[in-house]
Amino acid sequence: MLPHKSRHYLLQGLTGTPDVVDQLLRGASRDMLDRRPDPARFTLREVVCHLADWEGVWLERLSAMRTRDNPALQGYDEGQWALDHDYAHADMAEQQARFRAGRAELMALLESLAPEEWERAGCHSEIGPVTIESLAVLVLGHDGYHTRQIAQWIAGGQRSAPRTGIGAQRGAWPVESPGFS
Ligand code: NI
């Protein structure tokens, strides 16, 4: 269990991610949004769609753990979702708003938890046992992974981007790979 102060920072960080994303993307050109500096990873447009979609996934898992005893939590293939939901042609403003709305819903759930509810558990199909608290830490890590990517893509720092992503190796955290998230 995290110290009280850590939980405070966790909530602050999670609350702020939509602001960070919006600020990073301010003024990004259409060309920049659809550039793919790493063939194994999302474009900026696709990243925002992925973040918006995954708010629903996190919420589904957190709600399941809160209301059921040790539920099974399903992993999804984010690369397949990108194709199924046509991320490549999505409207950025809509997706940024959807991410913000989804995060507000997530925060409302986390902020309403009683202290002991943070320890409620579930079992993810790929990563194994998790708690509400460890999943919340994972979400913040996932935020950081993608905000770093956004900053790198915008700065044109693709040469220093990690070579992990869709189609890359599976099983090691933190990487993005089909079925992990
Ligand atoms: Ni991701």
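## Confidence of the model

In this predicted model, residues 157–161 have a pLDDT that stays under 50, and the model gives this stretch ten contacts beyond four places in sequence. Residues 166–175 also have a pLDDT below 50, with 18 contacts in the model beyond near neighbours in sequence. Where pLDDT is low, the predicted coordinates should not be read in detail.

For the protein as a whole, the mean pLDDT is 88, and 86% of the residues reach 70 or more.

## The three-stranded sheet

Three strands form an open sheet in the order β1-β2-β3, and their pairing is mixed. Because β1 (72–73) and β3 (128–131) each have a single partner strand, they stand at the edges of the sheet, and one side of each is left without a neighbour there.

Strand β2 (residues 121–124) runs antiparallel to β3, to which four bridges join it. Within this part of the sheet, H124 stands opposite G128 of β3.

## Helix α3 and the setting of M65

Helix α3 lies across β1 and β2, and runs at about 135° to β2. This helix spans residues 44–67 and includes M65.

Is M65 buried or exposed in the model? M65 is buried, because 24 other C-beta atoms lie within 10 Å, where the cut-off for a buried residue is 20 or more. Leaving aside residues up to four places away in sequence, M65 touches P71, R120, A121, G122 and I132. As for W118, which is 53 residues from M65 along the chain, the C-alpha atoms of the two residues are separated by 9.4 Å.

Note on methods
Residues numbered from 1 in each chain as written. Predicted model: local features only at pLDDT ≥ 70, side-chain atom pairs only at ≥ 80, totals over all residues. Helix = DSSP H or I, 4+ residues; strand = E, 2+ residues; numbered from the N terminus. Buried ≥ 20, exposed ≤ 12 C-beta atoms within 10 Å, placed from the backbone. Contact = placed C-beta atoms within 7 Å. pLDDT = per-residue confidence, 0-100. Pairing = 2+ DSSP bridges. Axes fitted to C-alpha atoms, helices over the stretch in contact; angles between N-to-C directions.
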